[in-house]
Structures are given as structure tokens and as C-alpha cells.
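Hi,

Here is the structure I said I'd pass on. Have a look, and my notes follow below.

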Amino acid sequence: MTSDWDYTQADLIAELGEVGLRDGDTVFVHASLDELGRLKELSDSAEIYKAVYDGLRSIVGDQGTILVPTYTFSFCKREVFDVQTTPTDGGPWSTSTGFLEYFRKRPGVIRSADPIHTVAGLGPKSEQLLNDLPNTCFGVDSVHDRLAKAGAKICMLGVGLDEATFRHHVEEIAQVPFRFKKLFTGYVRDGESLRKAGWVYNVRIMSDNGFPDGTRLERKAIEAGACRVARLGLGEIKAIGCKEFFDLTLGELTHDHWSTARGPAGDPVELEKRRVGIPAFTATLPVNATEAEMMDELWSLPRDLVSDGYDVALEALATQLPMTIHEYPTGTECWSWIVPEKWTCREAYLETMDGKRLFSYADNPLHVVSYSLPFDGVVSRELLLRHLYVHPRIAEAVPFIFKYYERDWGLCCSKTLRDSLRDDKYRVVIDTDFSYSTLKVGEVVIPGQTDECIVLCSHLCHPHQANDDLTGVIVGVKVAQELLKRKTLRYTYRYLIVPETIGSIAYLSHNPALVPRIKGGMFLEMLGLDYPHALQLSFQANTELDLCFALAMKQRNHHGWTGPFRTVIGNDERQFNGPGVRIPFLSLSRVLPPSSPDWPYREYHSSFDNPSLVSIKHLGDSREMLLAMIDTLESNKVPVNKFKGEPFCSRYGLHVDWYSNPEGHNSLFNILDRVDGTRSLAEIATECGVSFEAVKSTIDELERCGLVEFADKQGPSARIEHPVAPRRDPRSNSLADPATNSGRCLPNSDASLDNLR
């Protein structure tokens with residue numbers, strides 16, 4: 001006779017004990033109750049769920065803590081996560097969604113604020129396990145990390161151990177090659193509180209090779225006796241200690257990094273390339289390409305943050321300089337930042353319902369938001385307009401819009417076109433893909449006499465943009481080419497070509513030993529326009545680089561202007577100047593002042609930022625400006641007096657007559673007053689309000705006369721204490737006449753004392 005049931009509650013309690021659950025245990029339960037069959041005398045779902053819960057509670061007792069996965073994946077679905085009300089998404093790890101919801105709604109249950117892998121718990125340890133979690137699903141101090149440290153157990157009711165989520169925690173710790181950290185953002189509601197949050201989820205590569213497969217691990221756990229198995233009804237119960245499962249999984253992954261994935265093993269970047277497809281565009285530059293050749297070949301490439309277009313452009317530039325390309329894999333932690341995925345757009349367009357195509361990615365890559373999510377569907381005009389961006393100033397321009405870390409879909413067009421949209425519905429197609437890859441930073445090292453270095457930097461990442469910031473890249477390349485010809489540089493120079501913000505952070509965070517040796521640097525951007533140069537000072541504002549670069553710009557371009565940190569334009573100089581780094585980093589640009597309604601320039605981040613906007617002459621002038629700044633820094637030294645008191649200038653032919661040139665006379669003695677081994681040439685020039693060249697020429701003449709020497713030639717000593725003996729004027733055969741106080745002004749006076757006027 002066939003029974004109308006498969007197991008009883010007593011059977012459940014007995015088998016829970018058989019697999020090792022005890023009074024006072026903390027247990028994380030996965031449940032697929034249908035696999036166990038029918039529970040005796042119960043047909044109502046709520047009664048079955050209560051019986052299963054009561055069975056678990058009877059085995060662990062009042063001092064035991066029960067937890068279940070009430071995962072919602074809210075941020076993955078771009079939904080608000082409400083800690084109290086968002087329902088559970090079941091899955092292969094726990095198909096009994098009804099039981100999970102029954103448990104979640106029980107009085108006294110605590111639920112974690114994880115908007116992806118939220119967990120519900122009931123028992124004395126629930127608060128310490130689920131409250132105040134870091135914003136990550138796995139890893140250090142996550143729920144699973146706390147479970148292992150608390151000596152908790154994992155219980156699988158009708159579901160295999162291969163579905164235990166805990167395995168993914170170990171995979172993150174082991175840094176398996178087929179999974180990577182990805183940031184998701186959204187809103188978390190907890191009672192009356194609604195806050196924006198970011199959450200890190202260790203996701204898998206989308207290649208089939210990376211598909212989860214814990215079956216081999218389950219067999220190992222059973223064979224080793226770590227996982228205990230008991231038959232119940234039509235299925236099985238399995239249980240294992242979290243610590244034992246952690247050690248076993250870590251051991252297997254150490255032996256074979258792909259042991260918990262479908263495989264076969266492979267380079268995840270290459271696997272993802274095959275899945276996504278290879279780009280059709282290329283770029284080739286001749287040896288020693290001109291500014292115009294670089295602009296024409298590279299500007300139209302889709303150089304998104306991490307993309308094939310960016311990579312192609314960087315590889316082309318690497319033919320111009322001895323460049324090392326550093327690669328930082330997707331998901332890599334860079335201080336508080338995470339390297340994003342590569343973004344690929346195959347196609348994107350907007351059509352009317354009768355098939356008339358209004359614009360497409362093929363026309364201009366700016367027509368789709370950079371890092372847009374894929375989308376394919378018919379939308380209302382109202383919804384379309386919420387996702388359709390226009391330029392704020394130029395009605396005919398297509399804007400450049402990006403959403404690197406905010407997950408959404410979007411298109412861009414001219415304001416004129418948007419204003420013409422009158423239909424009720426439109427068809428939107430955005431065929432994009434996100435894939436595991438590497439963020440790339442190009443580095444050119446130009447050796448100097450010391451390993452103390454100056455960094456030059458520009459970003460390559462804006463698609464279909466010329467002035468911002470391909471001009472900065474081109475000027476940087478040309479300056480680096482010139483510096484490579486020089487054999488007597490004091491400092492080592494490093495030129496970095498980066499994707500904006502994350503590129504500099506990736507480089508700095510992975511070169512901590514270099515940071516103390518970076519004296520300072522300059523970010524180069526937007527240098528092709530017909531505006532005066534703008535120099536943005538470092539955060540400190542008064543460093544040697546600030547003084548030298550400001551003096552050089554004032555000497556070379558009287559129309560140039562300077563502004564404090566974060567007041568001219570904002571870019572990667574922020575990362576070098578930031579807390580914990582504090583490298584004095586300036587920026588050089590040609591932009592309008594912030595008070596201008598067209599700041600930083602009218603065509604900024606638009607389809608009008610194309611080669612017609614850029615003057616090759618201005619790029620050359622910017623190259624010369626930066627080289628002049630570098631020359632000033634290279635020449636800047638600290639003069640140390642070998643004289644005491646006010647020197648007898650006529651004795652050395654240094655006199656400037658007060659009657660005929662009172663301003664020059666005062667300037668000379670203002671300089672002499674400051675030659676005491678405590679100020680550099682740049683500091684003296686700044687304090688005296690004269691040019692760096694005038695001070696340098698004056699100090700060079702004092703050195704020729706034996707009145708000063710430079711601190712960097714004497715080591716750390718700031719003052720020289722030996723007297724100066726009378727000496728013959730080296731420019732004549734007679735001594736300067738002390739009685740008449742006669743003597744000549746410095747030779748080549750246009751660059752020396754006459755400049756003191």
C-alpha cells in the first residue's frame with residue numbers, strides 16, 4: 001500500500017541530529033522542501049513551514065540561532081531595497097521561497113541590510129551576525145565570515161551542498177580568477193530612513209567557463225567526512241561546519257583555482273573577449289607622429305573608460321615613446337575604488353514605431369550614454385525623455401554623458417531633435433555588454449640624476465572628444481619626447497596616460513613605495529583652445545612646484561592666470577593632492593574662468609569638441625610652456641651666502657646706481673637680503689616680485705664672483721661660515737675701485753639686473 005506521506009516531523013528532528021546539529025548551535029539553513037516529499041498529515045503550506053521551523057528550533061533550542069537566505073538582488077535589479085518589506089527571491093540555493101518568507105515574517109526576526117544577499121536570523125546571535133555589516137556580500141567581516149568565526153554550521157534541507165552560498169565567500173578570499181568584485185548602487189529603506197548606498201558583490205565572468213559548479217567540492221566534503229548526510233523522505237539533509245567548509249574549500253581552490261567553476265580553466269580576459277567579440281577598429285601612427293597626425297587618427301575612437309577603443313589608442317601611442325603599459329584587472333581594489341568592467345557597445349538607436357531611425361551609435365558614439373545598460377523595447381515618450389540627454393548650451397550638439405558607477409540605460413541627442421519628438425511611443429535598442437578585462441595605464445620613465453620624480457599626466461578616455469583630453473595627451477607625448485633627449489635632468493620624469501580618475505588611483509595605490517619619491521606633478525588637459533593658459537595650483541599652493549610653474553607662466557605668458565586648487569578645472573590632480581597622498585599636483589589648461597557662463601568652454605563634453613576646435617599652434621605653445629616650467633624647476637636651487645652683512649657690490653662690479661635706477665638698486669638688494677641659505681631662487685623671485693630669470697642671472701653672477709654657492713652642492717648645511725677674501729674682478733685686469741664705488745652692471749643686462757626694474 002502506497003503511503004500518502006514521505007516523512008514526519010519526528011523524522012526531521014532525528015535526521016537533523018544525525019547530521020550533527022545540537023542544542024545551542026548557530027545554523028544557516030538552505031531549503032528545497034519539495035525535494036524531501038510530503039510531510040505527514042500536513043498539506044497546508046503554512047503548516048508545513050511551521051513544522052519545519054519547529055523541528056529546527058527543537059534541535060537547536062532557545063539558545064540556538066537559525067538563519068536563512070532571504071536574498072533579493074535588489075541593487076542588481078535597480079530596485080529600492082526595503083529591509084522590512086522586500087520579498088525574498090528564491091533560487092537553486094533555496095527553492096522553497098514560501099518557507100523563507102514564512103521565516104522572515106516571524107516575530108523577532110532580524111534581517112541584514114544587504115541589498116543583494118540579505119539574510120534573516122532569529123536567536124541570541126542574530127544581532128551580532130547581521131547588524132552593522134560592511135557593504136559587501138562576501139569577504140572580511142561579511143555574514144559568512146562572522147558565521148565561520150562563530151562556529152556556525154550550514155544545513156541543506158533537500159538541496160545539495162554544491163548550492164551553499166558560503167562557497168562564494170571562500171572564492172572571494174581565495175581570489176579565484178573567474179569571479180571579480182563589482183559595485184552596485186541604489187537606495188536602502190530601513191523604517192523611516194532612506195539612504196543611498198553602494199554594495200560590492202563578487203560576481204562571476206559571464207563566459208560559460210565561469211558558471212558555478214560545486215559538485216566536485218561536495219564530493220570531497222562527503223568523502224572527507226566533513227559533510228554529514230542523512231536520508232529524509234525522498235531527499236537528503238546535509239550539514240557541515242562553516243570553519244570545516246572554509247578550510248576544505250580554500251584547500252581545493254589553492255590546488256585548483258577553477259575547482260568550483262564549470263571550466264575548463266583559461267585566461268578570463270581572453271574568455272570574455274571571445275564571448276563579447278573583437279572590435280573592428282584600429283589605429284596606426286607613423287614614427288614621431290605630428291600633433292595633427294595623432295589628433296586625426298585617435299580622436300574619433302570610442303575611448304570609453306575601460307574599452308577596446310581606449311586600448312587601441314594607447315597601443316598606438318606606445319609606438320611614439322618607450323612606454324610600459326600597466327594592467328589592472330576588473331574588480332581590483334584600488335584604495336576605496338574598484339576597477340570597473342570593460343564596456344562594449346555593438347549597436348544603439350532610437351526609432352519611431354514605423355521604423356524610421358532617428359539616430360544611432362554608428363552615426364556618433366556619443367548617441368549612447370557611456371556605460372549604459374543594455375535595453376531593447378518600446379517605451380512611452382515620457383519614459384524616453386527621462387533617459388534622453390541633451391547638451392545644456394548648444395542645441396545642435398550631442399552631449400557626452402557617462403554613468404560609470406550608476407547602473408542605468410540612456411541615449412543622447414541634440415536638443416533640437418529631442419524637442420521635435422511628438423509620438424506617444426518609440427523603440428529603443430541599446431546592445432551593450434559588460435565584461436571582465438583590464439584597465440590600462442601607460443607610463444614613460446625619463447631617468448634623471450636622482451630617483452626623486454616629477455609626474456606628468458593626462459587622460460585618454462573620453463570617446464569622440466578632441467580637446468578634452470586628447471590635446472593633453474598629445475602635449476604630454478611631445479614634452480616626453482623632448483625630455484628623453486636631455487641627458488642632465490636633475491629629476492626623473494614619469495609621464496602617465498590614464499583613464500580618468502580610476503587610472504591615477506590604480507597607479508598610485510599599486511605603487512606605494514614610489515609615492516614618497518614623487519616631488520609633485522602636472523595634469524595636462526584642454527590645451528587646444530584660443531584661451532590664455534590657466535594654472536591651477538596644488539592643494540598646498542605654496543610648494544616649490546607651485547612657485548616655479550607660476551613664475552615660468554608669468555614670464556612666458558602675461559595673459560595667463562592662476563587659481564587655487566579645485567577652482568579652475570577638476571581632474572586627476574585631485575587624486576595626487578588627496579588625503580593620505582598629498583603630492584603637490586597642479587594642472588595646466590586653456591579654459592574660461594569659472595565665472596564665465598560657458599565654463600570651461602562652450603563645446604565641453606559635446607559632439608562639437610572635434611578637431612576643428614583645436615589649434616595645432618596652441619598645442620605647440622602649450623608644449624613650450626610646460627618645458628619652460630620644467631626648466632624653471634630644474635634650475636631652482638638654494639643659494640647659500642659666503643658673505644656676511646651687505647656685500648660690497650662695487651668691489652665685484654655688481655653695483656646698480658641708485659640715482660639712475662633706484663628700482664633696480666632696491667631690487668638687487670632685496671635679492672641679496674634673502675640669500676641666506678633658507679630660500680630657493682623661486683622663493684626669492686616670488687618675495688621680490690621679479691622674474692625667476694632675473695634672480696637666477698643675479699645669483700649666477702654672485703656665484704661667479706665667489707659670493708654664493710648652492711646648497712645642493714654642499715649637502716644639508718644651510719650656511720657657510722668662512723670669510724671672503726678680496727679678489728680681482730675677473731672681467732678686467734684691475735681691481736674695482738673701492739674709493740669711487742665704481743663698477744659695471746652685470747653683462748647681458750636684459751636678462752639680469754635690468755630685469756629688476
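Glu-341 touches Phe-180, Lys-182, Val-306, Thr-330, Tyr-371, Phe-434 and Ser-435, leaving aside residues up to four places away in sequence (contact here means heavy atoms within 4.5 Å). With Lys-182 there is also a side-chain to side-chain polar contact of 2.7 Å; that term covers a pair of N or O atoms within 3.5 Å, where within protein one must be able to donate a hydrogen and the other to accept it, and residues adjacent in sequence count only if both atoms are side-chain atoms. Glu-341 sits in the loop between β13 (337–338) and β14 (342–352); strands are DSSP E runs of at least two residues and helices H or I runs of at least four, numbered from the N terminus. Its relative accessibility is 9%, so Glu-341 counts as buried (under 20% relative accessible area, 1.4 Å probe, protein chains only).

Before you dig in: this is a predicted model, with local features needing pLDDT of at least 70 and side-chain atom pairs pLDDT 80 or more, while totals for chains, interfaces and linings use all residues. Numbering runs from 1 along each chain as its sequence is written, and side-chain values use heavy atoms, without hydrogens and water.

Then there's Arg-494, in strand β22 (residues 492–498). Arg-494 is buried too, because its relative accessibility is 14%. Its side chain makes a 2.8 Å polar contact with that of Glu-443, and Arg-494 also touches Cys-453, Tyr-507 and Arg-517, among others.

Last one, helix α8: its buried residues include Phe-245, Phe-246 and Leu-253, and the buried set packs against α5, β6, α6, α7 and β10.

Cheers

Terms used. Buried < 20%, exposed > 50% of the residue type's maximum accessible area, 1.4 Å probe, protein only.
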